[in-house]
Amino acid sequence: MTASSRPKSNILLYLIATVAAALATFLFLKFFGNHAAEHPFQGWWRIPWLVLLSALAYVSIRVLNALLFDFAFRLRRGYEAPTLVRNIFTLVAFTLFFLLIFNKIYVEVNLGALFTTSAIFGVIIGLALQDTLGNFFAGISLHADRPFQVGDVIALGPQRITGVVEGITWRAIKLRTFANNVALVSNSVAAKEAIEVFPRDNLNARLVYFGTLYTDSPAKTIHIVREAIREAENVSTKITPVVRIRNFGDSAIEWEAKYWPQDYAKYNDTDALVRQLIWYALRRADINFAFPTRTLHLERKPSVQALTGRQKEVIERLSAVDIFAPLSIEETEKLAGAAVRHVFAPGELVIRAGDQGSSMFVVHNGRVQVQVSDGGTARAVAELGEGAFFGEMALFTGEPRAANVVALEETEVMEIGHAAMKHLFETNPDLAESISWTIAERRAGLQASSQQIPLAAEAESAGLLNSIKRFFGLG
Ligand code: CMP
């Protein structure tokens, strides 16, 4: 039976019952009416009258209940009326009708006095129904407060009983747990406990945890995991998942991934799917999950014959840099041995304008941006990618750093210090000249961006060459 056909058939049933009760009353009046015409409510006749009229009142109230709550309430509010409210309506209306009928039939009985004078009656009822009434009133207050609705997920109390709300009755809140069991929490208990509500029409966040090795790049992990989570079914596209480091653990970088499920009631399945997708994505990207490990560092004497893969990479990178092209293989290897590798996160400052600097950098992986400050805001002057170098101006002239250099993405650079360059200048006199040309060009770029009139490149380069030679103490 569908939800919409149920109210109609209920009303039909109650209508038929009402008609039957009215018919019974009518027939009763017809057959026994002669006797009771003058005094209808007398003697033993009063009992069938009471039964008949009460039944008629009851079925009429049910019809009214169905009309009010199945149609009027649903139309106005858009959701089904809570069972508890419906039951209260039926109970109060029926009690009133019953008292009215009783009063009409048993005129001599003073109901008011019966209730007001019967203190013992009240105490007995109160004691017997203590728990029931407690639940009843707690249920009413829950309805009045409306902290949650049918269909919301709630977590109740210190035991965190969690499930989808299926209904609130006289006695209890009915929850469908994620094991597909039904949990009943009595209203009075629920009213005392803290309730965490995850409303059905709200985007409630979920957190999934994982750990990676310290050697794996955080920027890469964030990108890979975020994209993997986006692919998962039931993950909302309205908010981008957030992946962030929550702790540096003993043997892992500990991560939390935050995402927003479309249907929170399915979070168990979605959490599992998200974990699975993270596993595959990390595997493809060659990022390793961490588990308790112990790392042994064995120190080996470096031998020129046995170069490691990383050293070879550095040598290749340096020999592709144009200013180092004139160097011999041995000199490039020496330079690579003196170079120190650093990794910068996206947005990190590699060089700050105005600082003193005694080293230059070659971009190994990634990209940097050269920026000058223009009235407080950063203006980009140039972008340098793999194989480009920067920081040479301060290194070769001894002047403060001329610009900010910022990593645009995760960037690995090789830092070459003053001592390594001095040695190269002594054996390669041409090197200073080619560097002075680069510096002159870059200075022209800086001046153009700050709208100063640049010096002629040749004049500038010649002056620079002399100051480089002086600074490095070359003849
Ligand atoms: P240095 O002055 O040591 O520090 C900032 C660096 O930015 C600078 O060296 C150059 O390497 C680099 N730089 C400055 N201007 C430019 C430019 N116009 N083009 C490329 N790089 C530049």
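Let's start with helix α10 (residues 309-319), where V314, I315, R317 and L318 are buried. Here, helices (H or I, at least four residues) and strands (E, at least two) are DSSP runs, numbered from the N terminus. Buried means under 20% relative accessible area, exposed means over 50%, and partly exposed is in between (1.4 Å probe, protein chains only). Looking down the axis of α10, you'd find its buried residues within an arc of 165°, so they line one face of the helix. That arc is taken from the directions from the helix axis to the C-beta atoms. On the other side of α10, G309 and E316 are exposed. The cover over the buried residues of α10 includes α11 (329-338), β9 (340-344), β11 (359-365) and β16 (411-417).

A quick word on the model: it is predicted, so local features need pLDDT of at least 70 and side-chain atom pairs count only at pLDDT 80 or more, while totals for chains, interfaces and linings use all residues. Residues are numbered from 1 along each chain as its sequence is written, and side-chain values use heavy atoms, with hydrogens and water left out.

What does M421 touch, leaving aside its neighbours within four places in sequence? Its contacts (heavy atoms within 4.5 Å) include F324, L335, M360 and L395.

Now for the ligand. It is surrounded by 16 residues, and the closest are G391, E392, A394, R401 and A402. For this shell, a residue is near a molecule if one of its heavy atoms lies within 4 Å of it. β13 (377-384), α12 (392-397) and α14 each supply at least two residues of the shell.

| Residue and part | Distance to a ligand oxygen atom |
|---|---|
| A394, backbone | 3.0 Å |
| R401, side chain | 2.8 Å |
| R442, side chain | 3.2 Å |

The protein covers 95% of the 460 Å² of accessible area that the ligand has on its own. Accessible areas come from the Shrake-Rupley method with a 1.4 Å probe; for residues, only the protein chains shown count as cover.

Elsewhere, T270 is found in helix α9 (residues 267-284). Is T270 buried or exposed? T270 counts as buried because its relative accessibility is 4%. Not counting residues up to four places away in sequence, T270 touches E233, N234, V235 and Y259.

Zooming out, the chain has 15 helices and 16 strands. Of its 475 residues, 37% count as buried. Among contacts between residues at least 6 apart in sequence, 69% join residues at least 24 apart.

Technical notes
Polar contact = N/O pair within 3.5 Å; in protein donor to acceptor, adjacent residues only side chain to side chain.
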